[in-house]
Amino acid sequence: MANDIVSQYNKLLENLSNELDISESHFKQAEERYKAIGRWLLREDSTVTEYDPDIYPQGSFLLGTLIKPVTDAEKYDIDLVCVLNLTKDQVSQKQLKEMVGEEIKDYAKANSMKSMPENKRRCWTLNYADGAQFHMDTLPAIPDGDSFKNFLESKGVSANWTELAIAITDKTHPNYDRIADEWPCSNPKGYAEWFKERMKTQFDAQLKSFAESIRAGIEDVPEYKVKTPLQRAIQILKRHRDMRFLGHDSEGDKPISMIITTLSAKLYQNEGDVYSALKNIVEQMDTYAALLSPSVSLNENLRSQHLIERKPDGIWYIPNPVNPEENFADRWHENNNRKARAFFQWVTWVRSDLIEVLRQADMKQISESLGHHFGESITKKASAGLYIVSAPAILTHAKDDIPNVEIRNPSKPWSIGGR
Amino acid sequence: MDDRHATIQKHFTELAEQYHGLALTGGDYNTWIVRGLLEFPATYEDISIRDKFQIELSITEDYPDTPPIAKETGGRIPKEFHTNPDGSFCLGAPLEVRMKFAKKPSLLGFVNEQVIPFLFSFCYFQQHGRMPFGELPHGGKGILEYYTQLFNVTSDIVTIELLKILAENNYKGHHDCPCGNGKRIRNCHGELLRQIISYQSQTELPYDYVQCLTYLQKSGQIPKSLLSKNSMNLITKYSQGLNKNEKRGVNAIRIKK
């Protein structure tokens, strides 16, 4: 493959991921909003201030893999965790949910927001009506007790990460409205630590070169200024998924972001460019498609990766890397493995749309083909300046107009040898 | 639009009139590349072949003084088939490629005279398992064979002696011609040597010479008289460069004018 077309394609993918980024002003606005909620919870007459409320973002906002909504009419989901320093013998899930809920409702009233926060299964959703393009989902939580830490450690999860585990609320949980030891658990901070660890080599290298380029110290560079090929690849994969499943029969079964993010991060080998990262990730994901036929068992090598597993009862298993009890694929077996099939279908789409597309002759064709899958305007922006095209002079010639070349006195091919 | 750019545009237009599947693209750093589908019918003696290939012609910095670099990008031509380590075609011995290009220094000339014959060779080889126009051996041996044919001499040693004059930039018209027919160089191989000097640069001639010399040295066919101090110095100097450039292909060595 020609190196320059690969490097131009890489540039295109990089630009594309930049186009998918939340704009800096939106980012600042979102940051400002969640800090405002934090200040509200800590204000003097707050009802929860005595529990040292700690509010922090989780999910793609924290991981640097957030993408713009497909249309301006859709909203960003900003996921927050609100941790109160309480224990499982002091409150029930329901009490915790309502304590946080009261404060968020007051916050909405105090800011004369038009719609009241919605009480969702696990979180409170705040809708900002002022064209801010956000939903803010706040997940009430308490630090998780030692018992659960011990439990996770017994599953072989590093102690660094279990310390960050939290217990959360779930309206459908059997213990929702009574004091109990068993709560749903989560570990968003631990997950973020794990994720950063997976891309550390590239992250540190890019941070260093960015700091040098602005003649600043590494500690002065905000993390969000640096984006690794892994983060870019995930953004591209997520958008590709959104676009490919849009209006498709299996739209309801499209792979969830957590699965895309987790598998990508596990497969990432610190490649230095987006294309190589994508290629590696997708080709490896594809090897697991064999699991769709129940008689097939994977070779030792694939099994030892513990990437995607299938239990003898047919249940699919993609563990949360910081909480093996959480199975991201717990619904993949339903309706004759519909979600699993949608996932592997998507993987073959990615292969052909993003990897094999390089077989096209030039950047113009590549960019046009990407335009079908990512939207024309965003692809145009991303390919600006990458190629100048002089179209073939005459397009209307019939095939047989090509004059025959008569070969006279041909050279004998040579080769440099020494290989 | 500078002169080079204008020349490239003009040459591309001429090429595209005949081959409609090609496009001219220009990316960063003033690099120009012709890409796309090259579909051709070609005949050699009584053999006709029609085929199409995804190709890429990278236009050199000093085009049209030096020929473009041609590659196939559709994955049909394996690395083992007369390609440089960077994947570009080894169309022929480097000097021959240049001399041919100098006769018709345009994209169309290059495609018709060199790229299509090369692709033709490949198609024929795939069908019949042999090369229709023959092929040069790899490396120094092939270069030596090429020069020996070009000088129209029968001994590799004579070829080396003639090449030595070129490589050491030591052409003296009144000396006896190394080919041994008793004439002075200027009345014998001199004209050809002067022509070669006009095509190959002062880096490429020693490069070719050293390749041939190294080949002969390895096969133990070299008389002591040829291993002068100068030659040994050249070998040392260029074999380092040789290794470096081998990785990128001979095309990496270009004349800076």
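How many residues has helix 14 of chain A, and how far does the helix reach from its first C-alpha to its last? Select residues 363-374 of chain A: helix 14 has 12 residues and reaches 16 Å, close to the 16 Å expected at 1.5 Å a residue. The expected span is 1.5 Å times one less than the number of residues.

**Before moving on**

This is a predicted model: local features need pLDDT of at least 70, side-chain atom pairs count only at pLDDT 80 or more, and totals for chains, interfaces and linings use all residues. Residues are numbered from 1 along each chain as its sequence is written, while chains are lettered from A and ligands numbered from 1 in the order in which they are written.

Helices are DSSP runs of H or I with at least four residues, strands are runs of E with at least two, and both are numbered from the N terminus. A residue is buried if 20 or more other C-beta atoms lie within 10 Å of its own, exposed if 12 or fewer, and partly exposed in between; C-beta atoms are placed from the backbone.

**Stop 1: helix 14 of chain A**

Stay on helix 14. Colour Met363(A), Ile366(A), Ser367(A), Leu370(A) and Phe374(A), its buried residues. They cover an arc of only 95 degrees around the axis, which puts them on the same side of helix 14 of chain A. The arc is that of the directions from the helix axis to the C-beta atoms. Step to Gly375(A), just after the helix: its phi is positive, about 95 degrees.

**Stop 2: helix 15 of chain A**

Select residues 376-383. Thr379(A), Ala382(A) and Ser383(A) are the buried residues of helix 15. Look down the axis: these buried residues fall within an arc of 90 degrees, so they line one face of helix 15.

**Stop 3: helix 11 of chain A**

Select residues 274-287. At 1.5 Å a residue, these 14 residues should span 20 Å, and the end C-alpha atoms are 20 Å apart, which agrees. Now show Val274(A), Tyr275(A), Ala277(A), Leu278(A), Ile281(A), Val282(A) and Met285(A), which are buried in helix 11. They cover an arc of only 160 degrees around the axis, which puts them on the same side of helix 11.

**Stop 4: a helix pair in chain A**

Select helix 9 (residues 229-245) and helix 10 (residues 257-267). Their axes come within 10 Å and cross at roughly 145 degrees. Axes are lines fitted to C-alpha atoms, for helices over the stretch in contact, and angles run from 0 to 180 degrees between N-to-C directions.

Which residues meet here? From helix 9, Leu230(A), Ala233(A), Ile234(A), Leu237(A), Lys238(A) and Arg241(A) meet Ser257(A), Ile260(A), Thr261(A), Ser264(A) and Ala265(A) of helix 10. Residues are in contact if their C-beta atoms, placed from the backbone, lie within 7 Å.

**Stop 5: Trp183(A)**

Select Trp183(A), in the loop between strand 6 (166-168) and strand 7 (185-186) of chain A. Is Trp183(A) buried or exposed? Trp183(A) is buried, because 23 other C-beta atoms lie within 10 Å. Leaving out residues up to four places away in sequence, Trp183(A) touches Lys88(A), Gln93(A), Ala167(A), Ile168(A) and Asn175(A).

**Stop 6**

Most residues other than glycine have a negative phi, and most peptide bonds are trans.

- Asn337(A), in helix 13 (residues 334-355) of chain A, is not a glycine but has a positive phi of about 60 degrees. Asn337(A) is partly exposed, with 19 other C-beta atoms within 10 Å.
- Asn409(A), in the segment after strand 13 (405-406) of chain A, has a positive phi near 50 degrees. Asn409(A) counts as exposed, with 8 C-beta neighbours inside 10 Å.
- Tyr63(B) and Pro64(B) are joined by a cis peptide bond, with omega about 0 degrees. Pro64(B) lies in the loop between strand 3 (47-59) and strand 4 (69-72) of chain B.

**Stop 7: chain B, then zoom out**

Select Asn187(B), in the loop between helix 5 (156-167) and helix 6 (190-199) of chain B. Asn187(B) is exposed, with 12 other C-beta atoms within 10 Å.

Finally, show everything. Chain A has 15 helices and 13 strands, and buried residues make up 36% of its 419 residues. Chain B has 8 helices and 4 strands, and 43% of its 257 residues count as buried.

Methods. Contact = placed C-beta atoms within 7 Å.
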